[in-house]
Amino acid sequence: MIKLILQRLALAFLTLATVCVLVFGVTEALPGDVCTAFLGRDAQGTRLENCRQQRNLDQPALQRFATWSAGVFQGDLGTSLKRDKPINDLVANRMRNTAALGLGAALIGIPMAILLGVLAALRRDRTPDMVISGGSIFAMTIPEFVTATLLIYIFAIQLQWFPAITTVRHSAPLSELIPNIILPMVTLALVMMAHILRMVRSSMIDVMASDFVQMARLKGVPYWRIVFIHALPSAMLPAINIIALTIAWLLGGVVIIEQVFNYPGIGTLMIRAIYDRDLPLVQAIALILAAVYVLCNLLADLASLALNPRLRSAR
Amino acid sequence: MKTLALSVAVASALLSGVTAAGNFRLAHDVGYAGAESLDPISPNRFFYANQMLYSRLVRQDQNGQPSPDIATRWSASKDAKTWTFELRQGVKFHDGSDLNAADIKYTLERIKDPKIDSPVAAVLGVIDTVKVINDHKVEIKLSAPHADLPLLLMDYRVRIIPENSGDNIAKTGIGSGPFMLDELDPEGTTVLKANPNYWEGAPAADAMEIIGIPDSQARVQALMAGQIDFEDSVLSQQKRLFTNNPLFKTQSIATGEWRALVFRTDTAPFDNAKVRKALRLAVDRNEMMKLVSGEGAGTVTCDHPVWSGDQYRTEINCDQDIATAKRLLKEAGYENGIDVEISAADNEPEWLRMIEVYQQQAKPAGINVKVNMVPSDGYWSDVWMKHPAVATRWSQRPADQVLNEAFRSTAAWNETFFKNADFDSALDKARSELDFDKRKALYADLQNTLWEQGGALIPYHLNQTRVMRSNVTGLDPVENFSIRWNRVNAD
């Protein structure tokens with residue numbers, strides 16, 4: 001078990017290293033840099049040279065990569081070229097905001113999805129199932145920025161219940177962010193729910209038709225007990241991987257959602273950083289996102305182990 | 001518990017939608033990623049805040065003409081090389097100190113300081129020395145005659161700051177304008193409060209809230225949801241959301257901004273003036289404007305950069321003339337047509353559309369236009385002023401400034417590589433001519449020269465669509481630099 005976890009961790013580390021090299025290589029291969037992006041038409045002569053010198057861009061790419069990597073090992077993500085501030089400071093608050101958004105969406109979305117999925121499975125092909133499954137296909141196929149725009153139109157512009165976009169700064173206390181967080185959170189939860197719900201529904205249908213459930217029924221186990229104690233844990237097994245993937249998707253989806261809502265999170269910062277050609281910042285954020293992705297998958301594996309005794313005793 | 005949290009959230013959302021009455025809210029695009037500076041001459045200048053915090057010596061009136069701000073009167077010597085400015089009495093900076101001649105001297109000399117290397121230095125390049133005559137009078141000596149020095153001093157970045165405040169002005173924002181800095185937060189909300197001692201009287205709004213919203217779509221959402229009162233410029237597609245909507249007012253403002261196709265006059269085949277004229281005669285400008293930017297989206301221009309609101313603009317007839325274009329090409333030796341490749345990226349949405357329209361319009365004249373798509377990254381450093389034909393964009397500048405910055409032989413941004421000694425000396429002559437009518441005629445000649453020989457195809461100047469909530473008052477339909485922020489309010 002511990003050996004397995006260690007193996008996973010080593011693999012995770014390798015993945016992250018590859019991500020770093022890839023991101024660095026790709027951004028380095030593109031024409032232009034932070035100075036040409038920033039100076040625009042002034043990017044000529046001494047002004048350009050000074051700008052590059054100040055930011056150590058005149059050093060060879062490999063050397064810059066080495067310096068940056070060395071910093072990362074000591075927990076220092078480097079300095080933003082455009083913003084001229086330590087990346088750790090830039091990222092900290094925004095990471096918190098994004099985490100609040102993502103966790104909020106997950107906390108609403110996952111239990112709702114499981115509940116609705118079970119309900120749809122138990123009422124298979126009847127009205128509740130039709131409504132739930134139909135709705136989830138709808139939520140899944142509409143791109144999240146369309147959902148977001150619809151929600152803004154209804155709840156911010158027509159009803160004026162929530163602000164349409166966030167206007168508070170990234171370092172504002174969470175309490176100030178709460179009114180701003182609701183619409184993006186609902187948007188994320190809707191899309192996320194759809195995926196998980198469909199998985200839970202189909203695997204629940206399978207499990208309910210399986211022999212051990214049949215056996216439990218014959219033994220006279222109460223219905224709710226069969227559903228929640230016997231069937232659901234088994235039905236959750238395939239769903240856990242989907243949940244992990246969905247949480248990882250959340251990190252990508254969050255980029256678009258944050259942009260639509262002007263939400264001061266890691267996603268908007270990422271987009272701005274790419275736009276500004278702020279290489280160290282892009283790299284740092286890519287690294288963080290990749291780390292969360294890998295971590296989610298690792299946790300999913302561990303959760304499967306916990307839920308499924310067969311996996312634990314296999315070796 | 002959940003319902004409680006939700007109702008708290010809803011309640012606070014409702015509260016956050018309603019700000020203190022008398023605050024005017026507008027958005028900015030956080031173009032400098034939070035490094036927005038209150039130093040008026042920094043390359044990272046915080047545009048809106050600096051418009052409101054600082055005064056100028058001379059400012060635009062509603063028609064764009066120089067009118068008194070801190071300077072009440074000015075006059076030039078016969079040779080237009082020595083100028084004296086009389087200053088308004090009793091003006092105070094936000095910190096309570098008096099604004100006097102020494103501050104003007106400091107401000108102007110700081111702009112020219114080579115150590116600061118400000119982009120504004122080029123605008124005031126003609127200023128040689130600034131002398132304090134007394135507390136309320138300065139004398140400016142120029143290195144060459146310039147009849148329109150007040151126009152240069154009207155530049156939106158030439159803002160007066162207190163003597164010796166250069167090192168910390170970027171954070172303090174101490175000026176003498178209608179609003180004073182309360183909180184600087186470019187990525188969140190920057191708050192400026194009314195300056196009760198402003199020389200024109202206390203401003204109409206109690207405070208200005210400048211909110212950082214990078215995405216233009218998000219700004220439109222904020223406007224629709226009532227989170228901001230005003231948006232400077234919306235896209236033509238977004239305009240429909242606001243016209244015929246009783247909650248909003250729109251203004252269509254002519255500006256000096258343009259998109260253009262430029263041909264290097266030092267590179268074959270564009271080194272032949274006849275070819276260049278033919279290339280420019282083949283365009284139907286009205287049609288192009290309609291197709292690229294929308295009906296009534298601008299003012300047609302005949303390849304000179306002087307915009308419709310400028311007193312020196314001259315009107316030329318530049319209707320499409322395929323027959324003449326063909327004749328000129330034939331004379332230049334291109335009887336069987338000519339191939340032209342234009343490089344462009346998608347930095348500006350208009351560029352590719354413009355080239356596509358041009359492709360169709362120029363075909364009958366035997367001009368075969370090809371598009372060379374290049375990456376938008378590094379466009380200004382690797383493509384512009386390098387490839388023989390490229391797309392370009394310029395923002396509004398006064399006639400003298402733009403003619404000098406874009407078409408003088410020695411200009412750093414002479415993107416057409418236009419080298420014409422007569423043109424250069426005519427530029428010098430125009431700016432030293434003290435008689436307005438004569439000066440206007442000289443500038444008209446310069447514009448005609450560009451129409452005859454220039455390498456830039458400037459089809460039209462763009463209008464900007466400004467949107468505000470219907471309760472906004474005091475915001476006249478004038479160009480951005482002429483807005484009197486002290487009169488603006490949302491009741």
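The largest nonpolar core of this predicted model comprises 121 residues, and A:Leu188, A:Ile196, A:Val200, A:Ala239 and B:Ala222 have the most contacts inside it. A nonpolar core is here a set of buried Ala, Val, Leu, Ile, Met, Phe, Trp, Tyr and Cys residues joined through C-beta atoms within 7 Å. A residue is buried if 20 or more other C-beta atoms lie within 10 Å of its own, exposed if 12 or fewer, and partly exposed in between, with C-beta atoms placed from the backbone. The most residues, 20, come from helix 8 of chain A (residues 174-208); helices (H or I, at least four residues) and strands (E, at least two) are DSSP runs, numbered from the N terminus. The core lies between domain 1 (8-52 + 177-229 + 471-490) and domain 2 (58-153) of chain B, because both give residues to it; the domain bounds come from an automatic or database domain assignment. Apart from this core lies another, of 83 residues, including B:Val275, B:Val306, B:Tyr312 and B:Ala389.

Residues are numbered from 1 along each chain as its sequence is written, chains are lettered from A and ligands numbered from 1 in the order in which they are written. Since the model is predicted, local features need pLDDT of at least 70 and side-chain atom pairs count only at pLDDT 80 or more, while totals for chains, interfaces and linings use all residues.

Between the chains, 35 residues of chain A are in contact with 33 residues of chain B, a contact being two C-beta atoms, placed from the backbone, within 7 Å. On the side of chain A that touches chain B, two or more residues each come from helix 7 (144-158), helix 8, helix 10 (223-261) and helix 11 (266-276) of chain A. The residues of this side of chain A divide into 17 nonpolar, 9 polar and 9 charged. Not counting residues up to four places away in sequence, B:Ala222 touches A:Ala164 and A:Ile165, and also B:Ala27, B:Ile213, B:Gln227 and B:Ile228.

In helix 6 of chain A (residues 127-141) is A:Asp129, which counts as partly exposed because it has 18 C-beta neighbours inside 10 Å. A:Asp129 touches A:Ala120, A:Arg123 and A:Arg124, not counting residues up to four places away in sequence.

In chain B, strand 4 (residues 71-76) and strand 5 (residues 82-87) pair in the antiparallel sense over 5 bridges; pairing requires at least two DSSP bridges between two strands. B:Trp74 stands opposite B:Phe85 in strand 5 of chain B.

Definitions and conventions: Ala, Val, Leu, Ile, Met, Phe, Trp, Tyr, Cys and Pro count as nonpolar, Asp, Glu, Lys and Arg as charged, and the others, Gly among them, as polar.
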